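Please look over the sequence and the model before reading on.

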Amino acid sequence: MSLFTCEVRAEAEFRGTPEAVWQLLTDHARFPQWHPVVVRVEGELAVGARQTEVVRTASGRELTFHPVLTVVAPGRELTRAGRLLLPGLLDNTHSYLIADLGDGRVRVVQRERFTGLLALFLHGRTARDTEARFTTALANLAGQAALAG
């Protein structure tokens with residue numbers, strides 16, 4: 001991996017079904033209840049649709065992004081791609097991957113890959129902080145899936 005690429009990843013296995021997890025991932029109103037970074041999500045759930053996503057940084061600042069959905073595979077994968085200002089400055093792909101483990105259990109991977117000139121500055125502490133926030137999000141998602149249960 002180059003200095004101009006940074007990937008952050010967290011995964012969790014928990015009791016639930018791919019359908020229940022998918023419902024939580026795609027219910028825009030409930031998303032902020034389990035994801036500690038997301039303030040608001042809006043947009044159609046279709047490949048090619050542009051979303052509006054407001055996130056809160058570790059410093060408390062709110063940022064608005066407009067990623068495009070690139071994969072919408074119910075019960076399996078939700079992926080979106082975005083960029084900061086210009087292509088090549090800071091591009092990202094953010095995915096949720098859902099695997100049915102059988103016996104009422106699932107594995108969910110939350111992964112974000114950054115590329116571009118500014119990705120150089122995401123290594124180290126920023127990557128570790130983001131991974132910790134992803135881990136918290138997945139633990140919260142597991143709790144919500146158990147309640148849906």
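The sections below take up the basis of the model, its core, its aromatic rings, its salt bridges and a surface patch.

## Basis of the report

The model is predicted; local features need pLDDT of at least 70, side-chain atom pairs count only at pLDDT 80 or more, and totals for chains, interfaces and linings use all residues. Residues are numbered from 1 along each chain as its sequence is written, and side-chain values use heavy atoms, with hydrogens and water left out.

## The nonpolar core

A nonpolar core is a set of buried Ala, Val, Leu, Ile, Met, Phe, Trp, Tyr and Cys residues joined through side-chain atoms within 4.5 Å. Buried means under 20% relative accessible area, exposed over 50%, and partly exposed in between, with a 1.4 Å probe and protein chains only. The largest such core has 30 residues, and Phe14, Val21, Leu25, Phe31, Trp34, Val108 and Leu141 have the most contacts inside it.

Two or more residues each are given to this core by strands S1 (5–15), S2 (38–42), S7 (91–102) and S8 (105–115) and by helices H1 (18–26), H2 (31–34) and H3 (125–148). The largest share, seven residues, comes from H3. Helices (H or I, at least four residues) and strands (E, at least two) are DSSP runs, numbered from the N terminus.

Leaving aside residues up to four places away in sequence, Phe31 touches Leu24, Leu25, Val38, Val41 and Tyr96; contact means heavy atoms within 4.5 Å.

The structure holds three aromatic pairs. In the pair of Phe31 and Trp34, the ring centres are 4.6 Å apart and the planes are at 45°, so the pair is tilted. Both residues, Phe31 and Trp34, are buried. The rings of Phe31 and Tyr96 have their centres 6.2 Å apart and their planes at 75°, which makes this pair edge-to-face. Phe31 lies in helix H2 and Tyr96 in strand S7, so this pair ties together parts that are 65 residues apart in sequence. Ring pairs link Phe31, Trp34 and Tyr96 into a cluster. Rings of Phe, Tyr and Trp (its six-membered ring) pair if their centres lie within 6.5 Å; planes under 30 degrees apart count as stacked, over 60 as edge-to-face and the rest as tilted.

## Salt bridges

Nine salt bridges are present in the structure, each being a side-chain nitrogen of Lys or Arg within 4 Å of a carboxyl oxygen of Asp or Glu. One of them joins the side chains of Glu7 and Arg113 (3.6 Å, N to O). Glu7 belongs to strand S1 and Arg113 to strand S8, so the pair ties together parts that are 106 residues apart in sequence.

Arg107 and Glu13 form another salt bridge, with their closest N and O atoms 3.2 Å apart. Here too a residue of strand S8, Arg107, meets a residue of strand S1, Glu13, and the pair ties together parts that are 94 residues apart in sequence. Arg107 is partly exposed at 27% relative accessibility, and Glu13 is partly exposed at 43%. A network of salt bridges links Arg9, Glu11, Glu13 and Arg107.

## A nonpolar surface patch

A nonpolar patch on the surface, with about 970 Å² of accessible area together, is formed by ten residues that include Leu3, Phe4, Phe65, Leu85 and Phe121. Such patches are made of residues with over 30% relative accessible area and no salt bridge, with nonpolar side chains (Val, Leu, Ile, Met, Phe, Trp, Tyr) joined within 5 Å and like charges within 9 Å. Accessible areas come from the Shrake-Rupley method with a 1.4 Å probe; for residues, only the protein chains shown count as cover.

Leu85 is placed in the loop between strand S6 (77–83) and S7. Leu85 is exposed, with a relative accessible area of 70%.
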